[in-house]
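Please look over the structure below with the following notes beside you.

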Amino acid sequence: MLDSVLRLGNTAVEGRLWLAPMAGVTDLPFRVVTAQLGCPFSVTEMVSAKGIYYGGKSIELLQHTPEQGKGLVQIFGREPELMADMAKKLYEEGYAREGIDVNMGCPAPKIVKNGEGSALLQEPELCAKIIGAMSKAIPLPVTVKIRKGFFEGEDVTETLCPMLEDAGAAAIAIHGRTRVQMYSGKADWECIARVRKLVKIPLIGNGDVDSRETAQKRMEETGCDGVLIGRGAFGNPFVFSKERLTDEEKLKVIERHLELSIQYRGEKAAIPLMRKHMCAYLKGYRGAAKAKTEILSACTREAILAPVRRVLLGTIDKE
């Protein structure tokens, strides 16, 4: 089931386990790495529609290379006309290829205080207007990522999702947590199962998936059409591989990730951003704590790789 084709508009996606958008994580180098490991589809980090309008550098986050494979660019905002205009801009300038995803689920305070991200879940009519305006502005699929609700115990999915479908959404992804939960507690996949009975467009589930086996199980339980994996892929892009990689093979992937980041940003800018990735790669390994100290102070390619190589190529067993 995970490896079957899913159609999104005119695009045939060869697989149903996709990389979810994560700010500061799913940049171009990471998307290339996951694609090379078998990820068939990814979503970029979210970018502000206002930022695009005012010419901010954030649009660089939407850059694409054929090596990353197929995917969506993700934007956020709350003004239907502006969102539609920026969707058109991204389409005409070649940033959007398979479609544009709208973030209506980000729980970050700086996003919510502006009435964007998950704050929009409190305004279902506005959500529908945004999707409707964007769908009319471009000939590509417009998808949307939401959360279960905003407040504790709230579930807006059964009301909101049919409205989004009627407005023109080509697919909906649901993270089974409320904004108040942030990333705590367990994701509710039962709400995804209920929505599956209410909409005909592709429905993608998200939350607490850290393996292909779990993704397969969630699809069988809920009837959803695919699964987005976010935090479960951070430090573990190997989750997209159908084969179990050795530590030596993982090290080659890590080295490739670092080289791509340096090519993309230059060594001086890449190393600080790669520190969190390197620490995440070593999670669960004996010696990771000591290696982390070295990684966080590293300023060069060799300095950041040395402790990683030592842990992965040594005789240290996993804790």
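1. The lining of the second largest pocket divides by class into 6 nonpolar, 3 polar and 5 charged residues, where Ala, Val, Leu, Ile, Met, Phe, Trp, Tyr, Cys and Pro count as nonpolar, Asp, Glu, Lys and Arg as charged, and the others, Gly among them, as polar. Of the 14 lining residues, Phe234, Gly235, Asn236, Ala280 and Lys283 lie nearest the centre of this pocket, which holds about 400 Å³ of space.

2. This is a predicted model, in which local features need pLDDT of at least 70 and side-chain atom pairs count only at pLDDT 80 or more, while totals for chains, interfaces and linings use all residues. Residues are numbered from 1 along each chain as its sequence is written, and side-chain values use heavy atoms, with hydrogens and water left out.

3. The largest pocket has a volume of about 580 Å³, and among the 28 residues that line it, Pro21, Met22, Lys145, Tyr183 and Arg231 are the closest to its centre. The elements giving two or more residues to this lining are β7 (142–149), β8 (171–178) and β10 (226–229), and by class the lining has 14 nonpolar, 8 polar and 6 charged residues. A pocket here is an open set of points on a 1 Å grid over the protein atoms alone, where a 1.4 Å probe fits, with protein on both sides within 12 Å along at least five of seven lines, and lining residues have an atom within 4 Å of a point; a volume is the space filled by probe spheres set on the points, which are joined across faces, edges and corners.

4. Helix α5 (residues 124–137) packs against helix α6 (residues 157–167) at an angle of about 25°, with their axes 8 Å apart, so α5 is roughly parallel to α6 (angles under 35 degrees count as roughly parallel, over 145 as roughly antiparallel). In contact (heavy atoms within 4.5 Å) are Pro124, Glu125, Cys127, Ala128, Ile131, Gly132 and Ser135 of α5 with Leu160, Met163, Leu164 and Ala167 of α6, and these comprise 8 nonpolar, 2 polar and 1 charged residues.

5. Helix α11 (residues 288–297) and helix α12 (residues 301–313) pack at about 165°, their axes 8 Å apart, and therefore α11 is roughly antiparallel to α12. Ala291, Glu294 and Ile295 of α11 meet Ile304, Pro307, Val308, Arg310 and Val311 of α12, a contact with 6 nonpolar, no polar and 2 charged residues.

Terms used. Axes fitted to C-alpha atoms, helices over the stretch in contact; angles between N-to-C directions. Helix = DSSP H or I, 4+ residues; strand = E, 2+ residues; numbered from the N terminus. Parallel < 35°, antiparallel > 145°, perpendicular 65-115°, else oblique.
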